[in-house]
Amino acid sequence: MIPLEWMPPLMFGGLIVFMLIGFPVAFSLMAAGLFFAGIAISEHYFDVLFLQAIPQRIFGGVLANDLLLAIPFFTFMGAILERCGLAEEMLDSMGQLFGRVRGGLGYSVIIVGFILGAITGTVAAQVIAMAMISLPVMMRYGYNMRYATGVLAASGTITQLVPPSLVLIVLADQLKTQSGSADVGSMYLSAWGPSLLQIGLFALYTFLLSRFRPDYLPAAPESQLTLRGWSLWKKCLLGIIPSAVLIFLVLGTIMTGIATPTESGAMGAMGTLALAWLRRSNIPNLKGLIEQAYQNTMRITCMVVFILIGSTCFSVVFQGVDGGQWVEALFSDLPGGWVGFLVAVNLFVFFLAFFLDFFEIAFIIVPLLAPVAVKLLAPVLLASMNGNPQAAASAALVWFGVMLCVNMQTSFMHPPFGFALFYLRGVAPKEVKSSDIYWGALPWVGLQLIMVVLVIAFPALVTTLLDKPAALVQSQDFNFTNSEEPAAAIPANTVGDDAPVVFQLDKPVMK
């Protein structure tokens, strides 16, 4: 007989075994879930009827989830923008604008990476496009190879944090508990502070390096700076104005309440098609480009849906064997309170990112940690949310989600499995050594981890733009507890404004 308290860790161990065998992640999740469901039924931990929750959640929470429709729209946008020539014009004009400054090409890559991140939301398109355009120029001007490859990879991964990031959409869908939830609009608003600060850190690192090692980042030769005056500004505006229009179609419509995230994604996709048609003279085969974009979108969307179905199967069984209580006990008893929890979670996610991509981390780990995050982080934000416990719970999930988003950027950057490094290796000239790509990424991973520390230390970076409704109760003596505490702990005659608020953990109803 297997004790109930052993089942949750055994499920995680079984998942690792299935993945080591070579199963795709989606099918590993399904296999682990169904395998341990059979064990749990044989041990009478739950009845076979409990498994009805799996198809109910798949059809009700995955296939009928309108929010997930935003994923194919933003993927399609990135696939079109990758080859429509907009990135080339922006990098060329910005390179001319900053060319006389030491590290000017680095600044232009950082700025263009931020602007493209606010349009595409995809890392692959951004890293490949910028590397193919900027890396040969940096090599010709004599830039240090490790800096050149590092800034290209890091500026490509910033799209994971800059709205309309796919990571923020997925995290908003997964960060839902009975006491609060993180909606996409709040995630987008809250991500602006950290994303702008991270761009500032990248620019500061470039500035300091240009001062201490000027030979690493030389200015462009005057002979290469062919544009001046109005002609230079005109070329810059021809890249910036279409980008601003697309940014408004995607982000402006959400933040002004005109459209939902799905509707804004559809408008962005239509705007991208219109932009590609206007630039058709720069695209050899527009029809072939659109067909390839459809194929890439279909492939990525199918991957996401299958991972979601697998994670649903795994999480239902995991909750059925009291996995939620096990996770809560594991992370709630850490030394250091909420700070210890955030440090442990971020270290855990950082090391998981060596082996899993952000979709897998978001679908497997985040739903298990969300209830614990509410319990530990909501009291921290209670005063800043005017004593409103519901607002504090939602703000805690948004803070937690943006923090994980900053952390999961590193999954594209750190050796040896960073996908941004793979993309860069695939398009870099043969003269670029793989060792330069890997060593060049390390300082930028360090800057991303510094950003994680700043978000932990200063939650106002995330929560400042969130709505702060009036307090629901006059007393701030709140009782943030979990659903396992007896209801009798709340006095039966306590009613009205002074009643304590109980925050319960998500757990499927057992039949």
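**A helical chain and its buried interior**

Leaving aside neighbours within four places in sequence, glutamine 448 is in contact (heavy atoms within 4.5 Å) with Thr157, Gln198, Phe202, Val406, Gln409, Thr410 and Met413. The model is predicted, so local features need pLDDT of at least 70 and side-chain atom pairs count only at pLDDT 80 or more, whereas totals for chains, interfaces and linings use all residues. Residues are numbered from 1 along each chain as its sequence is written, and side-chain values use heavy atoms, with hydrogens and water left out.

Helix α20 also holds methionine 451. Methionine 451 is buried too, with a relative accessible area of 0%. Setting aside neighbours within four places in sequence, its contacts are Pro194, Leu197, Gln198, Leu201, Val406 and Leu461. Methionine 451 and leucine 201 are 250 residues apart in sequence, yet their C-alpha atoms are 8.4 Å apart in space.

The chain as a whole gives the setting for these two residues. It has 21 helices and zero strands (DSSP runs numbered from the N terminus, with helices being H or I of at least four residues and strands E of at least two). Of its 511 residues, 55% count as buried. Among contacts with a separation of 6 or more, 78% join residues 24 or more positions apart. The chain exposes about 21,300 Å², and carbon and sulfur atoms supply 67% of that area (Shrake-Rupley method with a 1.4 Å probe; for residues, only the protein chains shown count as cover).

Beyond four places in sequence, leucine 175 is in contact with Gly180, Ser181, Ala182, Met187, Val366, Ala370, Leu397, Phe400 and Gly401.

The axes of α4 and helix α13 (residues 286-320) come within 9 Å and cross at roughly 140° (axes are lines fitted to C-alpha atoms, for helices over the stretch in contact, with angles from 0 to 180 degrees between N-to-C directions). From α4 the contact draws on Ile71, Pro72, Thr75, Phe76, Ala79 and Ile80, and from α13 on Leu289, Ile290, Ala293, Tyr294, Asn296, Thr297, Ile300, Thr301 and Val304. These residues divide into 11 nonpolar, four polar and no charged (Ala, Val, Leu, Ile, Met, Phe, Trp, Tyr, Cys and Pro are nonpolar, Asp, Glu, Lys and Arg charged, and the others, Gly among them, polar).

Two loop residues complete the picture. Aspartate 66 is found between α3 and α4 and is exposed, with a relative accessible area of 55%. Its C-alpha is 9.3 Å from that of proline 261, although 195 residues separate the two in sequence. Histidine 44 sits in the loop between α2 (25-42) and α3 (53-62). This histidine is exposed, with a relative accessible area of 71%, and its phi is near 65°, a positive value in a residue other than glycine.

Methods: Buried means under 20% relative accessible area, exposed over 50%, partly exposed in between (1.4 Å probe, protein chains only).
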